[in-house]
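Work through the exercises below with the sequence and the model open. Try each task before reading its solution.

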Amino acid sequence: MNSKILKTLDYASILNKCAHHAETVLGKERVEELLPSGDFEEVKRRLKATDEAVNVNRLKGSAPFGGIRDIKSAVHRARIGGILSPSELFDVANTIYGGRRLKRFLADVHEDYPIPSLILLTEQIEELKTTEDRIKQCIDDNAQVVDSASPELARIRQELRTSETRARDRLEQMVRTPSIQKMLQDNLVTIRNDRYVIPVKQEYRGHFGGMIHDQSASGATLFIEPEAVVQLNNRVRELKLKEETEIEKILRILTELVAESADFLLGNIDALAELDFTFAKAGLSHEMKATLPVLNDRGFIKIKRGRHPLIPADAVVPLDIELGNRYTTIIVTGPNTGGKTVSLKTIGLLSLMAMSGLFVPAEEGSQLCVFDAIYADIGDEQSIEQSLSTFSSHMTNIIRILRDMTPKSLVLLDELGAGTDPAEGSALAISLLEYIHKMGCRIVATTHYSELKAYAFDRQGIINASMEFDVQTLSPTYRLLVGVPGRSNAFAIAERLGLAKSIIDHARGQVGEEDQRVESMIATLEENRLTAEAERQTAEQLRREVESLRTKLEGQQQRFEEQRDRMLEKAEREAQEAVAKARREADEIISDLRRMQREANLVKDHQLSDAKRRLDQAVPELRQKKASAATTKKKQDKLEAGDEVLVTNLRQKGHIVDVVSDTEAMVQLGIMKMKVHLTDLELVKAASAAAKKPQQAAASLKRTRDENARMELDLRGSNLEDSIIEVDRFLDESYLANFGQVYIIHGKGTGILRTGIQEFLRKHKHVKSFRIGNYNEGGTGVTVAELK
């Protein structure tokens with residue numbers, strides 16, 4: 001890729017932003033060397049690696065690159081026989097450790113989320129733990145050779161410490177002597193030239209003998225090594241030389257270990273550099289909120305809300321553009337400062353980023369092509385030194401582009417044909433566009449020439465575009481409008497600024513009729529586009545509201561289902577508690593029956609045992625009742641008065657006396673009559689037709705309302721004849737239910753209903769007596785009947 005093009009499109013600025021995300025010098029160097037590739041498979045490989053790194057950061061956090069250093073120069077010096085310093089060896093050990101830690105981190109990620117490209121790089125990393133351990137045994141975290149590096153070094157250092165202590169103690173003894181203290185500038189022991197000395201006043205220099213190693217700036221103080229410690233200091237110096245020799249020996253052994261692993265170490269460095277570089281690209285993607293572009297090699301570009309990566313996010317206007325499908329050339333017209341050049345650079349820079357394996361700042365699903373080259377002629381590059389005008393500099397660049405471009409190139413041309421006579425410039429621009437278009441290149445060009453609008457309108461595969469301008473605010477919106485040619489807006493702007501209408505009208509008269517017609521057409525297109533855009537935004541808002549409502553309803557449905565399940569569970573628990581309570585009561589009843597058996601021999605033991613067993617099996621299965629509902633309904637429909645039935649909960653046979661409601665029937669069991677729920681009855685034998693007739697006649701008089709027996713009957717508002725029938729039925733039911741007394745509510749009124757009912761009660765076979773209700777029972781509006 002031509003370096004001039006990269007500079008024109010600010011590619012280096014993207015690399016600088018990417019380099020800030022590199023953790024090591026190795027990664028930064030690799031970023032600085034990054035260039036776009038025209039190889040489709042290579043670009044796919046780069047983007048795949050970036051995508052894997054993005055997913056690692058998203059799932060597991062940042063990859064560990066701590067401790068990794070650029071040790072290439074140290075490894076090369078070890079290879080040629082040089083001796084590495086302790087700090088260089090320490091960096092080698094840390095780099096080995098850092099590579100091994102990173103390799104294991106990515107291996108753990110790979111178990112949960114496949115990252116084959118990154119794992120392929122980690123396979124190049126050799127662990128070299130033996131080399132690392134040997135170095136760390138000899139060199140500590142401060143990059144110093146430790147005593148335990150060798151037995152000889154430990155012995156030398158022990159003896160050295162002893163000799164230093166002796167020399168220092170001898171001098172400190174001298175410093176503490178009163179007769180000597182007056183000769184000293186300070187009562188302390190110090191070091192000069194690696195030898196222990198004391199600060200002596202100038203006038204006492206002859207009292208100590210020995211050697212003078214230094215003096216103060218004023219000359220008043222001399223740093224003298226007394227003759228008494230010369231031999232001790234000599235011994236210290238001798239031991240230090242031995243220490244240096246032993247350390248050099250240790251460093252040489254460690255360096256030889258590094259040299260033996262040089263090829264592996266250089267391979268590790270290369271792999272670590274590539275990994276750091278890949279994660280730097282992932283970091284840049286996160287910073288820019290960039291997405292993975294869809295690649296193609298057929299010259300198709302579809303950018304969805306693409307943002308120029310060097311413009312602040314709060315100021316950038318997203319770009320939507322499609323190129324290479326229905327049309328391969330876009331001609332953008334419109335005034336200056338409208339954003340045409342930024343749009344050109346955005347297209348070019350996003351294409352370069354994708355070809356470099358970088359994510360692009362655009363919405364998901366954006367598509368970019370891997371071009372064999374991108375060419376751009378953007379900006380004013382006139383040169384005084386080369387005597388080139390604006391037009392000449394543009395032509396020089398364009399001639400170079402025409403020479404190098406291929407059908408798989410992207411060509412970006414800014415202000416095509418500018419800098420010369422408008423008539424000739426527009427003609428030349430049309431000719432250049434025609435030539436490049438026929439070549440098959442993808443072209444985006446900007447211009448001021450209105451002649452190019454008509455050219456684009458008439459040519460297949462070429463489309464007009466413009467930068468939107470808000471006449472109301474007299475400012476550009478920086479939005480690219482594909483399919484709408486640009487307008488000058490000069491008259492509208494002048495009128496808004498207050499220019500006299502007569503002058504504007506005269507100016508309009510100077511414009512040709514054809515040009516006015518074109519401007520009118522463009523204005524109509526712009527108005528239609530704005531209307532369509534408003535409708536699209538309204539539809540989008542409605543879509544979002546519907547989506548929000550759907551999400552809300554789904555949440556409500558889920559909460560409803562959860563609440564329903566909780567209520568069912570609660571109902572089942574309450575049912576089980578009710579059954580347990582019923583079982584306890586049944587146990588008490590059975591206990592009473594046993595007592596009665598012992599007293600009167602009325603009940604047999606095996607009947608009691610069977611009753612207890614059936615009660616134990618009576619736990620309701622709420623979910624199963626749904627399945628058996630249809631069967632139960634069938635049984636209810638078949639049961640009629642006179643039928644022989646089995647009472648399942650008592651295991652006794654009897655006959656139906658009357659079906660008192662839709663859910664209950666009065667059953668004769670021996671000498672007893674009792675109400676039984678229809679679900680507890682099984683038909684044994686249907687009654688004959690003859691036997692059913694009287695029962696049917698009796699049944700025709702029963703109430704049709706579905707009510708259980710109760711202790712009061714409200715007749716207010718009824719006539720006497722209907723009331724007598726209701727009272728008769730009510731008394732029969734109350735008698736069968738073993739009620740002692742019942743209440744008949746007839747109201748006060750004229751007294752006719754009360755008198756008629758009381759006359760009927762006086763003759764009724766079930767009534768023992770009756771009376772008017774007490775004050776708290778309803779007074780004269782209620783008659784209380786006592787049953788036999």
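This is a predicted model: local features need pLDDT of at least 70, side-chain atom pairs count only at pLDDT 80 or more; totals for chains, interfaces and linings use all residues.

Residues are numbered from 1 along each chain as its sequence is written, and side-chain values use heavy atoms, with hydrogens and water left out.

**Exercise 1. The whole protein**

Task: State how many helices and strands the protein has, and what share of its residues is buried.

Solution: Begin with the secondary structure, where helices (H or I, at least four residues) and strands (E, at least two) are DSSP runs numbered from the N terminus. The protein has 24 helices and 23 strands. Next take burial, where buried means under 20% relative accessible area, exposed over 50%, and partly exposed in between (1.4 Å probe, protein chains only). Of the 788 residues, 39% count as buried.

**Exercise 2. The sheet that contains β1**

Task: Give the strand order of the open sheet with β1, and find its edges.

Solution: Two strands pair if DSSP finds at least two bridges between them. The order of the four strands is β1-β2-β4-β3, with antiparallel pairing. β1 (190-192) and β3 (211-215) each have a single partner strand, so one side of each has no neighbour in the sheet. From one strand to the next the twist averages 50°; axes are lines fitted to C-alpha atoms, for helices over the stretch in contact, and angles run from 0 to 180 degrees between N-to-C directions. Inside the sheet, β2 (residues 195-201) and β4 (residues 221-225) are joined by four bridges.

**Exercise 3. Helix α11**

Task: Describe where α11 lies and compare its span with the expected one.

Solution: Helix α11 (residues 230-260) lies across β2 and β4, at about 145° to β2. Its 31 residues reach 45 Å from the first C-alpha to the last, close to the 45 Å expected at 1.5 Å a residue; the expected span is 1.5 Å times one less than the number of residues. Buried residues of α11 include Val-230, Leu-239, Ile-250 and Val-258.

**Exercise 4. The sheet that contains β20**

Task: Give the order of the open sheet with β20, and name the helices that lie on or across its strands.

Solution: The four strands are ordered β20-β21-β23-β22, with mixed pairing. β20 (712-714) and β22 stand at the edges, because each has a single partner strand. Neighbouring strands are turned by 20° against each other on average, direction ignored. β21 (residues 741-745) and β23 (residues 782-787) pair in the antiparallel sense over five bridges, and Gln-741 stands opposite Glu-786 in β23. Helix α23 (residues 720-736) packs on the sheet, touching β20, β21, β22 and β23. α24 lies across β21, β22 and β23, at about 155° to β22.

**Exercise 5. His-766**

Task: Is His-766 buried or exposed, and what does His-766 contact?

Solution: First find His-766 in the loop between α24 (752-763) and β22 (767-772). Its relative accessible area is 11%, so His-766 is buried. Contact means heavy atoms within 4.5 Å. Leaving aside neighbours within four places in sequence, the contacts of His-766 are Leu-731, Asp-732, Tyr-735, Glu-786, Leu-787 and Lys-788. With the side chain of Asp-732, the His-766 side chain makes a polar contact at 3.2 Å. A polar contact is a pair of N or O atoms within 3.5 Å; within protein, one must be able to donate a hydrogen and the other to accept it, and residues adjacent in sequence count only if both atoms are side-chain atoms.
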